[in-house]
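User: I am new to this structure and would like to learn how to read it. Could you take me through it one feature at a time?

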Amino acid sequence: MSTPVNTSDDTPGNDGTTVEMSRRRVLGTLGAAGAGGLVVGAVSGAGIASAVSGESAPSAPALTTVGSTEVMFHGKHQAGITTPLQSRGHLIAFDLVPGAGRKEAAALLRRWSTTAGTLMEGKPANGADTDISLDAGPSSLTLTFGFGRTFFDRTGLTARRPAQLDPLPAFSSDVLDPKRSEGDLWVQIGADDALVAFHALRAVQKDAAGAARVRWQMNGFNRSAGATAKPMTARNLMGQVDGTNNPVPAQSSFDQRIFVPDGASGAQAWMAGGSYAVVRRIRMLLDDWEGLSRPEQEQVIGRRKSDGAPLSGGSETTPLDLNKLGADGKTVIPNNAHSRISAPAQNGGAAMLRRPFSYHDGIGADGTPDAGLLFIAWQADPLRGFVPVQRKLDRGDALSAFIRHETSGLFAAPGGPATGEYVGQRLLEA
Ligand code: HEM
């Protein structure tokens with residue numbers, strides 16, 4: 001659900017601390033859950049110009065609202081989890097190179113953290129910057145880092161691998177490509193400007209040289225901020241309003257569902273404030289989907305296409321009435337409708353924060369678009385989030401005929417770094 005940016009003078013960082021802002025503007029359109037760590041207009045156009053050129057530029061034009069929005073790197077949780085959906089995304093997974101172990105991994109995470117903190121402020125990367133995002137502000141850039149299951153064996157940290165990173169079960173509808181799945185390390189990049197996002201991708205890759213090599217990389221997008229007249233929930237490439245029933249930070253159960261608690265112990269202690277990301281590249285069979293009539297499409301999801309309202313009535317945010325019967329005596333929201341089967345009430349309360357990007361990787365030899373959803377679900381424990389829901393969807397979701405899970409990854413994203421700390425330090429240096 002969309003959440004407006006906090007425009008009061010006390011905008012919190014990712015850890016809830018107050019951030020002083022020199023300028024304030026309001027975003028037109030926001031995508032997902034809360035506005036964690038978002039500073040609107042914290043960096044002025046002149047500030048960026050002088051940071052880049054080293055000269056004062058008092059007459060430089062102000063940056064647009066989109067460019068000037070800054071998300072805090074430091075905080076209790078990493079940025080890019082409750083940050084509103086950005087319009088551009090890159091996902092990149094790495095494997096440590098042979099011979100690289102815990103020391104090299106720690107040095108890499110330190111480099112990545114320095115880069116992330118710098119770029120998220122809208123400053124050029126240390127050393128030889130590529131200049132790709134010169135002239136642009138931070139543009140809501142976030143970099144989020146995670147560790148895959150294989151990382152722990154390669155770094156001698158197997159004893160500190162949480163059980164939450166146990167392999168996901170195989171699902172009957174999986175058609176997974178192992179080469180584009182999993183990985184020792186994973187970075188999610190999001191920004192509201194394509195050049196800012198690509199700049200960060202290059203910086204992350206360059207930092208990894210000598211320590212880790214790219215295993216796979218994927219590119220995604222969402223609607224641009226300001227494209228709609230008012231803030232609205234995003235649509236996916238099937239045209240559905242997608243994200244309505246996400247948990248939101250204002251709910252008392254939110255932290256418990258999405259983040260590992262402060263008091264976590266044993267192999268999980270270093271994950272306090274962190275979250276687990278399930279990453280699936282889900283191809284949409286768009287020719288088949290678009291062959292359905294609009295009412296048929298609405299039956300598949302159980303919601304209206306126009307505004308995302310449940311077929312049981314009301315508006316987008318009206319709760320689903322799963323018991324409502326139609327004139328034919330059947331439930332108005334079909335028994336195999338995606339929104340019925342995935343609802344927490346049907347899955348012992350299982351819930352996750354879905355924060356996806358759409359993707360389009362061209363047209364295949366068969367003429368069909370290679371397009372769909374880079375599905376990213378955040379939760380405190382995949383066994384109480386993604387797994388039970390996907391088990392159920394796998395057995396009877398009407399949507400299954402129109403999608404194909406092609407890749408899969410599970411990553412532990414530790415809590416956000418305190419000032420002076422790097423991401424993952426509590427794992428790598430304890
Ligand atoms: C391409 C694949 C998918 C598409 C197009 C899709 C689309 C949608 C749409 C349109 C909704 C209704 C609006 C909303 O509440 O956001 C929805 C709800 C939901 N979906 Fe999916 N979905 C996909 C895959 C998945 C997967 C793999 C899972 C998890 C295993 C999942 C879990 C959920 C959940 C938990 C809800 C909210 C249910 C509720 O509380 O009402 N979805 N999805």
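This is a predicted model: local features need pLDDT of at least 70, side-chain atom pairs count only at pLDDT 80 or more; totals for chains, interfaces and linings use all residues.

User: How many residues surround the ligand, and which are the closest?

Analyst: The ligand is surrounded by 26 residues, and the closest are Q240, T244, N245, S342 and Q390.

User: Which helices and strands each supply at least two residues of that shell?

Analyst: They are β7 (275-284), α9 (338-341), β10 (369-379) and α10 (386-396). The largest share, four residues, comes from α10.

User: How do I read the burial of α10, and which of its residues are buried?

Analyst: For a helix, list the buried positions and then see where they point. In α10 the buried residues are F386, V387, V389, Q390 and L393. They lie on the same side of α10, because the arc they cover around the axis is only 160°. Of these, Q390 is also among the residues closest to the ligand.

User: What do the buried residues of α10 pack against?

Analyst: They pack against β7, α9 and β10. Those three elements, like α10, each supply at least two residues of the ligand shell.

User: Next, the strands. Which strands are joined to β10?

Analyst: For a strand, look for its partners and the sense in which they run. β7 pairs with β10 in the antiparallel sense over eight bridges, with Y276 and Q379 as bridge partners. β9 (residues 357-363) is antiparallel to β10 and joined to it by five bridges; there, Y359 stands opposite G372. Strand β8 (residues 353-354) also runs antiparallel to β10, with two bridges, and L353 has W378 as its bridge partner.

User: What do β9 and β10 form, and which residue in the turn has a positive phi?

Analyst: β9 and β10 form a hairpin, with five residues between them. In the turn, G367 has a positive phi of about 85°.

User: How many residues of β10 are buried?

Analyst: Eight of the 11 residues in β10 are buried, so the strand is mostly covered.

User: Last, the nonpolar core. What is the general idea, and which residues touch the most other members here?

Analyst: In soluble globular proteins, nonpolar side chains tend to be buried together. The largest nonpolar core in this model has 90 residues, and A200 and V204 touch the most other members. Leaving aside residues up to four places away in sequence, V204 touches I92, W112, T115, L143 and V187.

Definitions and conventions
Residues are numbered from 1 along each chain as its sequence is written. A residue is near a molecule or strand if its C-beta atom, placed from the backbone, lies within 6 Å of it. A nonpolar core is a set of buried Ala, Val, Leu, Ile, Met, Phe, Trp, Tyr and Cys residues joined through C-beta atoms within 7 Å. A residue is buried if 20 or more other C-beta atoms lie within 10 Å of its own, exposed if 12 or fewer, and partly exposed in between; C-beta atoms are placed from the backbone. Two residues are in contact if their C-beta atoms, placed from the backbone, lie within 7 Å. Two strands pair if DSSP finds at least two bridges between them. The arc is that of the directions from the helix axis to the C-beta atoms.
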